[in-house]
Structures are given as C-alpha cells and as structure tokens.
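Hi there,

Here is the structure I promised to pass on. Have a look at it first, then read my notes below.

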Amino acid sequence: MELQIHGNGSSVAVSEALFGRDFNEPLVHQAVVAYMAGGRSGTKAQKSRSEVRGGGIKPWRQKGSGRARAGSIRSPLWRGGARAFAAKPRNYTQKLNKKMYRAAMRSIFSELLRQGRLVLVEQFAVTEPKTKAFLTSLDGVATRNALIVTAEPSNALWLSARNVPHVDVTDVSGLDPVRLVGHEQVVMDVAALKQIEEWLA
C-alpha cells in the first residue's frame with residue numbers, strides 16, 4: 001500500500017494492517033468515551049446529614065406544638081440542610097484492553113485515509129517561533145483545523161502553533177483517539193508515520 005507525500009509527488013509504502021482496516025464504529029466510540037472518562041477529575045463532594053455542622057438537638061418537642069414532627073434542622077428537607085444523596089469523590093476511569101485500544105487507533109487511521117483527511121508530508125519544520133510563518137506553511141498543506149503529528153516537535157513549532165485556535169501539535173507518544181477524531185485533518189511527517197507503524201502494525 002502506498003501513501004502519497006504532499007508536495008513532492010513521491011510515495012511511501014505503508015502497512016495494510018494499519019491503513020487498510022474496516023471502520024469499527026462501536027470500538028472507536030468505546031475508546032473515545034474511555035479516554036474522555038479518564039480525564040474527569042471526579043472530585044465533586046457534598047455533605048450528607050451526618051457531616052453537616054449543627055442539628056444535634058431536636059428543634060421542638062414531638063407532640064403538642066401543632067407543627068410537623070422534626071428531628072434536626074439539618075434534614076435534607078430544610079433550607080441549609082444536608083443533601084439526601086450526597087455526591088462523593090469517585091473514579092470515572094474505564095478499563096480498555098491494550099489490544100482493543102490499538103485496534104481502535106488502527107481503525108481511526110484507516111478511516112482518516114479513506115476520507116482524505118490524512119496528509120503526509122516529508123517534514124513540517126518551522127525555523128523560528130512566528131505564528132504568521134507557521135500559518136503560511138499550514139495553509140499550503142491543510143485547513144486551519146488540523147492536528148500536526150511530528151516525530152520530534154521543535155520548540156519553534158510548539159510556540160508558533162500554541163495561539164492558533166483549532167490547531168494542535170503533538171508527537172507520536174501524545175496521540176489519542178479524541179484529537180484524531182476531533183480535527184478535520186491530520187498532518188503527519190514521514191518519521192512520525194514510521195514510529196506509528198512500529199507501534200500499531
């Protein structure tokens with residue numbers, strides 16, 4: 001299988017196991033949900049009636065006052081009282097086998113190629129940290145809603161792209177299914193492609 005390199009007309013041989021897979025939508029959805037769930041902090045906390053300060057004494061006697069019986073001013077029914085089902089810190093992470101995660105990534109790359117959203121370049125280099133120069137280079141390759149994947153992102157490239165909305169720069173170790181699916185195009189250099197092949201193929 002051959003992938004065309006943008007700009008110079010040459011091509012690179014790639015693995016059919018990486019870019020020739022059918023799109024497994026349920027598996028990709030599971031990988032995306034698991035990744036996003038893992039990013040949740042889960043630190044929400046509320047107080048139950050045993051944790052709210054005060055309310056230790058019965059506000060009035062049980063019978064004879066004509067009012068409804070009450071045992072604590074910190075009841076969930078009262079203003080300033082506790083929560084009936086108080087939220088507690090929890091872990092939202094979902095288990096996803098390594099084999100399933102890699103299969104989902106292969107499925108995403110295959111679908112990106114089929115849809116024409118994967119752009120292969122020889123090298124995406126920026127000599128100086130200038131956003132204007134970066135956008136000039138990007139406009140010649142892809143849209144301004146793109147994920148740039150390089151083997152070794154330079155500091156100039158990071159600084160040039162960080163203020164551009166809808167544009168992300170990452171190395172291969174920082175790839176995740178959410179960013180791959182969420183951008184209109186994925187721009188990848190040849191060195192990064194080789195690393196991804198070693199990882200997934």
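Before the notes, one term: helices (H or I, at least four residues) and strands (E, at least two) are DSSP runs, numbered from the N terminus. Read along the sequence, this protein then goes β-β-α-α-α-β-α-β-α-β-α-β-α, with 7 helices and 6 strands in it. Its radius of gyration, taken over C-alpha atoms, is 27 Å, well over the 17 Å that the globule rule gives for 201 residues, so the protein is more spread out than a compact globule. That rule is 2.2 Å times the number of residues to the power 0.38. Along the principal axes, the C-alpha trace spans about 95 × 40 × 25 Å.

Some housekeeping: you are looking at a predicted model, where local features need pLDDT of at least 70 and side-chain atom pairs count only at pLDDT 80 or more, while totals for chains, interfaces and linings use all residues. Residues are numbered from 1 along each chain as its sequence is written, and side-chain values use heavy atoms, with hydrogens and water left out.

Now the domains, whose bounds come from an automatic or database domain assignment. Domain 1 takes in 2-41 + 94-200, and domain 2 is 45-88. Taken over C-alpha atoms, their centres are 55 Å apart.

What about the protein as a whole? Of the 201 residues, 37% are buried (buried is under 20% relative accessible area, exposed is over 50%, and partly exposed is in between, with a 1.4 Å probe and protein chains only). A contact means heavy atoms within 4.5 Å. Among contacts with a separation of 6 or more, 67% are between residues 24 or more positions apart. As for charges, Lys and Arg count as positive and Asp and Glu as negative, leaving out His and the chain ends; each is placed at NZ of Lys, CZ of Arg, CG of Asp or CD of Glu. On that basis, the mean positions of the 29 positive and 17 negative charges lie 28 Å apart.

Start with Leu193, which sits in helix α7 (residues 190-200). Leu193 counts as buried because its relative accessibility is 0%. Leaving out residues up to four places away in sequence, it touches Leu3, Val12, Val14, Phe19, Leu120 and Met188. Gly9 is 184 residues from Leu193 along the chain, yet their C-alpha atoms are separated by 17 Å.

Next, go to the loop between α2 and α3, where you will find Arg69. Is Arg69 buried or exposed? Arg69 is exposed, since its relative accessible area is 68%. Apart from neighbours within four places in sequence, Arg69 is in contact with Trp60 and Gln62.

Not counting residues up to four places away in sequence, Ser75 touches Arg49, Gly81 and Ala82.

His166 has a positive phi of about 70° although it is not a glycine. With 58% relative accessibility, His166 counts as exposed.

Cheers
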